[in-house]
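The model is shown first.

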Amino acid sequence: MKKLIVTVLVAIFQTGCLPEVAIKDSIEQYEAVESQVELGDSKQRVLDILIPTQNKLHSDWKKRPEKYIKDGVLVEIFYFRSSLQADGLTTDDEFTPYVFNNGKLVAIGWAYLGGSKSQGQTKSQSNVNVQQTTIVY
C-alpha cells in the first residue's frame with residue numbers, strides 16, 4: 001500500500017499538479033546559471049545552459065520560441081521562465097527573452113524587443129478596514 005501511495009505522489013508531482021513548486025524550482029535553476037551566458041555566445045551554447053532549467057515546466061507554463069527573417073538575418077527568440085506573478089496568469093513579464101541573429105546571441109531582456117506585451121495583474125493588499133456609516137437626515 002505504501003508503494004502505491006508513493007507512486008501516486010510521484011506521478012502527481014511529475015505531471016505538474018503542483019505548478020507553483022515546479023515553476024519556482026525552474027526559476028531557481030535559471031537564476032543559478034543565467035550568469036554563464038554572454039552576448040556573442042552561440043545559440044547552441046546558450047540553449048545547452050538554459051533549457052535544462054525549464055525541463056520541469058508543463059508546456060502551459062512556457063512561452064514558445066519565435067523566429068523570422070529580417071533584412072536577410074535569421075532572428076530567433078527563446079523565452080525562459082525567470083519570474084512568477086502570483087496572479088494565476090502566464091504573462092510576458094515572467095520570462096526573459098534571448099535574441100539570436102544568425103545563431104549568435106545579440107540581446108537578453110525585453111528592452112531590445114520594445115518591452116513585454118503582457119504583464120501580471122498584481123493585487124495590492126490592504127490592512128485597512130473601512131467601516132460604512134449611514135447618515136440619517
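Two strands count as paired if DSSP finds at least two bridges between them; helices (H or I, at least four residues) and strands (E, at least two) are DSSP runs, numbered from the N terminus. The model is predicted, so local features need pLDDT of at least 70 and side-chain atom pairs pLDDT 80 or more, while totals for chains, interfaces and linings use all residues. Residues are numbered from 1 along each chain as its sequence is written, and side-chain values use heavy atoms, without hydrogens and water.

**Sheet**

Four strands form an open sheet in the order β1-β2-β3-β4, with antiparallel pairing. Its edge strands, β1 (66–70) and β4 (104–108), each pair on one side only. From one strand to the next the twist averages 25°. Strand β3 (residues 95–101) runs antiparallel to β4 and is joined to it by four bridges. Phe100 has Leu105 in β4 as its bridge partner, and Tyr98 stands opposite Ile108 in β4. The hairpin of β3 and β4 has two residues between the strands, and Asn102 in the turn has a positive phi of about 50°.

**Helices on the sheet**

Contact means heavy atoms within 4.5 Å. Axes are lines fitted to C-alpha atoms, for helices over the stretch in contact, and angles run from 0 to 180 degrees between N-to-C directions.

| Helix | Residues | Lies across | Angle to β2 |
|---|---|---|---|
| α2 | 19–33 | β2 (73–81) and β3 | about 120° |
| α3 | 43–50 | β2, β3 and β4 | about 10° |

**Aromatic pairs**

Rings of Phe, Tyr and Trp (its six-membered ring) pair if their centres lie within 6.5 Å; planes under 30 degrees apart are stacked, over 60 edge-to-face and the rest tilted. The structure holds three aromatic pairs. The ring centres of Phe78 and Phe100 are 5.8 Å apart and the planes stand at 80°, so this pair is edge-to-face. Because Phe78 lies in strand β2 and Phe100 in strand β3, the pair ties together parts that are 22 residues apart in sequence.
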